[in-house]
Amino acid sequence: MGEMVLYYIPLGATAALAAAAALAASIGYLRTRNLRFDSLARAATETLLAFLAASIVSGCFVTHAASGKWWTWDARLTAALVCWLLFATCPMLRQAVEEPSRRAAFAAVWSVFACLDVPLVVATAAWWKPGKALAIEWTWPRFWLLAAMAVVAGPLTVARARRAETRREPDSLRRTPHAM
Amino acid sequence: MGFFRQAGVIAAKDLRAELRTKEAINSSLAFALVILLMFSFAFDPLADTTREIAGGLLWIVFAFAGTLILNRSFARELPNDCLDGLIAAPVSGAALFLGKACASFLLVLGVQLVSLPVFGIFYDVPWTRQFPELLLVLVLGTWGLTVVGTISSALTVNIRLRELMLPMLTYPILFPALLGAMQLTATLVAGNAIGPDEFGWLKMMVGFDAIYTAVSLALVETILVG
């Protein structure tokens, strides 16, 4: 499990890139009302959740190796968990809203809210547990891992976005008779 | 009619409706008292360690009881299609939001000011020693809670599982504000003043309130109209 120490930083960084993509896509939707941006925001949020969860789990392995405990209320891991919970509400919100354009608008607004909270969460967690945080050191293997993960995460997000796009068509056909 | 006048009219309407029916404030108060009582089963209420975590306990009570009031904020307008009437009225979404947030803020603050002496008596906490500072923390924390809660109330008013979704949406976003409020309240209810170390928390809470008030005012029209 020693190699876990390599993973949590690039996994977290990939999640941060996905969060930036989700924010950009959400702002894009709010400005243009183009549902393609919504599909992208949805896919980026899902990628973010997967990579952040993996980062938290690998961080737990690192803490366990160092202290024998799986969870020590480390500032960075706690902040990551709060961020995961923040973004996990977006898919839940999507599920609860039926009408596509309303669903897209609500999810975009909530993504903006969640992204604004991320720096505050990270800063307050660090104040809360000063001096108790997993180290973030960028070494070459970690850079390579980040590049490899980005190569996986990018196409994964695009594929998820395309799937959401293709699903919208039968969904709109299904809704048309109801609208009439 | 100016923006603030419109918000004032909405706030007065909400307060009047709530004070006549007392549906949210009664349940919120009863809920706060029940949680305060239940905490005493979980640990010794008069132990010194309980006083150290008093700030956290209080804000858990406030956050739980607050969502009961916030849930009603927009849901109150559902019968007789009042929400559609309000959206169609010549009032901006931002004024509607601000009015509703102000009314909820006063109601939640009222519940807090009733719960606080009860908490002081049950847990033997000297909460009156730093009361002006404590009131400032209550005001800042409650404004953060009501702004995020009111925008969540607007989001969840027409969706499935409304009562469940509001706390699910609100609590993670409130993490920085609640953490700051808990740290400061713990210091203040112990009878100590806010030191230079804790001043940063106060500034963070002001920042949180300012950011979320501004973004909510900017985006509420999107939520209400689509």
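In chain B of this predicted model, 86% of the contacts between residues at least 6 apart in sequence join residues at least 24 apart. The corresponding figure for chain A, again taken among contacts between residues at least 6 apart in sequence, is 80%.

For chain B the secondary structure comes to ten helices and zero strands, and the pattern read along the sequence is accordingly α-α-α-α-α-α-α-α-α-α. With a radius of gyration of 18 Å, close to the 17 Å given by the globule rule for 226 residues, chain B is therefore as compact as a globular protein of that length. Chain A, for its part, has five helices and zero strands, and its elements run α-α-α-α-α from the N terminus on.

| Chain | Extent along principal axes | Buried residues |
|---|---|---|
| Chain B | roughly 55 × 35 × 30 Å | 48% of 226 residues |
| Chain A | about 65 × 30 × 25 Å | 39% of 180 residues |

In chain A, the C-alpha trace spans about 65 × 30 × 25 Å along its principal axes, while 39% of the 180 residues count as buried.

Methods: Residues numbered from 1 in each chain as written. Chains lettered and ligands numbered in written order. Predicted model: local features only at pLDDT ≥ 70, side-chain atom pairs only at ≥ 80, totals over all residues. Helix = DSSP H or I, 4+ residues; strand = E, 2+ residues; numbered from the N terminus. Rg over C-alpha atoms; globule rule 2.2 N^0.38 Å. Buried ≥ 20, exposed ≤ 12 C-beta atoms within 10 Å, placed from the backbone. Contact = placed C-beta atoms within 7 Å.
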